[in-house]
Amino acid sequence: MEFKHYSVMLEECMAGLHIRPDGVYIDGTAGGAGHSSAIAERLGPEGRLLSLDRDPDAVAAATERLRHYPQAEVIHTDFARIPEVLEQKGIEAVSGILLDLGVSSYQLDNPERGFAYSVEAPLDMRMSREGETAADLLNTYDADSLAKIFREFGEEKFAFPIARSIVEQREKEPFTTTSQLVDLIYRTIPAGARREGGHPAKRVFQALRIAVNSELWELSEVLDRAFDCLEPGGRFVILTFHSLEDRMVKQKFADYCKGCTCPPDFPVCVCGKKPRAKLICRKPITATEKELMENSRSKSAKLRILEKL
């Protein structure tokens, strides 16, 4: 199956990165290399691009699609390791970092990956193809732990009833496929609630995917560590696709933009703190109507851009 991924807000991301031909850039989520190709096209012979991804299928696809760009290098790793990658490459600072936190169309539409609730597939959901699967979590975690995952990562109102039903069901038969979980969710959620807020399994599948791939931990790590890898004037450009991610990015970007933290009644500043960055756009950028018609998965995307001072 071909690795397909619609490059969400492609031109907006390129404008946000403010690419210089001689700059050094990181695409922390190479995917199908859509954004990476657009960056590479804008680089001169002296420019450089490092494209990272932890999905081996994405690495293979990106390597093939970027083979005509000598400035580009594809690396099999996760974006939380950006500082380590730069140290290994002998790069002191970069001109821009791009993160597209969406799941690729290939991952969603490829049945064997188990990301989608709309097709029969193994309950896998691992982006790296390594470690615990979604089935492992469902078959081993207790009800309280599962409920916490569904509640915190999926904002699921019926988290505990679903978790309790999972524990009861697995005593009869272990969970192995997506349809088993979807059927259980349908049976557990009240009929009225099933008609609200999209597919009833959407929130639980999102929560499991985040848990399996430690997505929020990875995002927290890169927000804390990658900013220091930017050169002055460097841009941090992040596309988020659900409220948990966007809240984390919004808060961390705001922290970098804070200056004096002295109490308001102090006549002069004594803390000496100055802003480390500025927001390029105070509100997140969203997809145009044209893009939404071409790719409905862009609907939930929010783009935030930060510049290091």
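Strands β2 (residues 48-53) and β3 (residues 72-76) run parallel and are joined by five bridges. The model described here is a predicted one. Within this pairing, L49 has A72 of β3 as its bridge partner. The two strands also belong to a right-handed β-α-β unit, in which helix α3 (residues 56-65) takes part along with β2 and β3.

Turning to the helices, α7 (residues 143-154) packs with α11 (residues 202-212) at an angle of about 100°, and their axes lie 8 Å apart. Because angles of 65 to 115 degrees count as roughly perpendicular, α7 and α11 are described as roughly perpendicular to each other. On the α7 side, the contact is made by I149, F150, F153 and G154, while α11 contributes R203, V204, Q206, A207, L208, I210 and A211. By residue class, the contact of α7 with α11 comprises eight nonpolar residues, two polar ones and one charged one.

A further point of interest is S7, which sits in the segment before α1 (10-17). With a relative accessibility of 15%, S7 counts as buried, since the cut-off for that class is under 20%. Leaving aside residues up to four places away in sequence, S7 touches G34, H35 and E291. The C-alpha atoms of S7 and D100 are separated by 8.7 Å, although these residues are 93 apart along the chain.

Technical notes: Residues are numbered from 1 along each chain as its sequence is written. This is a predicted model: local features need pLDDT of at least 70, side-chain atom pairs count only at pLDDT 80 or more; totals for chains, interfaces and linings use all residues. Side-chain values use heavy atoms; hydrogens and water are left out. Two strands pair if DSSP finds at least two bridges between them. Helices (H or I, at least four residues) and strands (E, at least two) are DSSP runs, numbered from the N terminus. A crossover is right-handed if, with the strands pointing away from the viewer, the path from the first strand over the helix to the second runs clockwise. Axes are lines fitted to C-alpha atoms, for helices over the stretch in contact, and angles run from 0 to 180 degrees between N-to-C directions. Angles under 35 degrees count as roughly parallel, over 145 as roughly antiparallel, 65 to 115 as roughly perpendicular and the rest as oblique. Contact means heavy atoms within 4.5 Å. Ala, Val, Leu, Ile, Met, Phe, Trp, Tyr, Cys and Pro count as nonpolar, Asp, Glu, Lys and Arg as charged, and the others, Gly among them, as polar. Buried means under 20% relative accessible area, exposed over 50%, partly exposed in between (1.4 Å probe, protein chains only).
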